Amino acid sequence: MTKEEILEKSRNENQNKDIFDLEVQNLAAKISYYSAPVLCAIFSIIEFIVNKKFNFGYLLVLFGMFSVTFFVKFLKMHKKHELLVFISYLVLFILVLIVYIFQLLGKV
């Protein structure tokens, strides 16, 4: 097998995608995925200190993000664990959504 044939086979397998670029994108996504809860916690604490109220919008974003993540993982991998985690985050999302709506209406 010649060098050109090996390169052509590699391009076909990788669908002309740069492996380094994919690894960097994957790393960036992981870092942002793990930094989001930290940022939400920081902003929640600041808001509680300033306004003496807890904003449930941050939890909505987090639980929404996590539920979508595990739903996509379930669709791609078909693992029951991913489905159970998705359902758990979805239930938490719905509960926090209800509290958030009550908070907006001034009932909490």
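The entries go from the whole chain to single residues.

**Ground rules**

I am working on a predicted model, where local features need pLDDT of at least 70, side-chain atom pairs count only at pLDDT 80 or more, and totals for chains, interfaces and linings use all residues. Residues are numbered from 1 along each chain as its sequence is written, and side-chain values use heavy atoms, with hydrogens and water left out.

**Whole chain**

I looked up the elements first. The chain has four helices and zero strands. These are DSSP runs numbered from the N terminus, helices being H or I of at least four residues and strands E of at least two. From the N terminus the order is α-α-α-α. The radius of gyration is 21 Å, well over the 13 Å that the globule rule gives for 108 residues, so the chain is more spread out than a compact globule. That radius is taken over C-alpha atoms, and the rule is 2.2 Å times the number of residues to the power 0.38. I also read the extent of the C-alpha trace: about 70 × 30 × 20 Å along its principal axes.

Burial came next. I count 14% of the 108 residues as buried. Buried is under 20% relative accessible area, exposed is over 50%, and partly exposed is in between (1.4 Å probe, protein chains only). The accessible surface comes to about 8,600 Å², and 70% of it belongs to carbon and sulfur atoms. The areas come from the Shrake-Rupley method with a 1.4 Å probe; for residues, only the protein chains shown count as cover.

I checked contacts too (heavy atoms within 4.5 Å). Among contacts with a separation of 6 or more, 52% are between residues 24 or more positions apart.

**Helix 2**

I then looked for a bend. Helix 2 bends by about 30° at Ser 35, and Pro 37 follows within four residues. The bend is the angle between axes fitted to the seven residues ending at a position and the seven starting there.

Its buried residues are Ala 36, Cys 40 and Ser 44. Helix 3 (57-77) is included in what covers them. An α-helix has 3.6 residues a turn, so residues three or four places apart point the same way.

**Rings**

I counted eight aromatic pairs. Rings of Phe, Tyr and Trp (its six-membered ring) pair if their centres lie within 6.5 Å; planes under 30 degrees apart count as stacked, over 60 as edge-to-face and the rest as tilted.

Tyr 33 and Phe 66 are edge-to-face, at 5.2 Å centre to centre and 65° between the planes. Tyr 33 is in helix 2 and Phe 66 in helix 3, so the pair ties together parts 33 residues apart in sequence. Phe 66 is buried, at 12% relative accessibility.

Phe 63 and Tyr 89 are tilted, at 6.0 Å and 35°. This pair links helix 3 to helix 4 (residues 80-104), across 26 residues. Phe 63 is buried at 15%, while Tyr 89 is partly exposed at 22%.

Ring pairs join Tyr 33, Tyr 34, Phe 63, Phe 66, Phe 70 and Tyr 89 into a cluster.

Which residues does Glu 82 touch? Leaving out residues up to four places away in sequence, I find Phe 70, Lys 73, Phe 74 and Met 77. Glu 82 sits in helix 4 and is buried, at 7%.

Ser 67 is in helix 3 and is buried, at 6%.

**Loops**

I looked up phi here. Most residues other than glycine have a negative phi. Lys 52 has a positive phi, near 60°. Lys 52 follows helix 2, in the loop between helix 2 and helix 3, and is exposed at 62%.

His 78 also has a positive phi, near 55°. His 78 lies in the loop between helix 3 and helix 4 and is exposed at 60%. Lys 79 lies in the loop between helix 3 and helix 4 and is partly exposed, at 45%.
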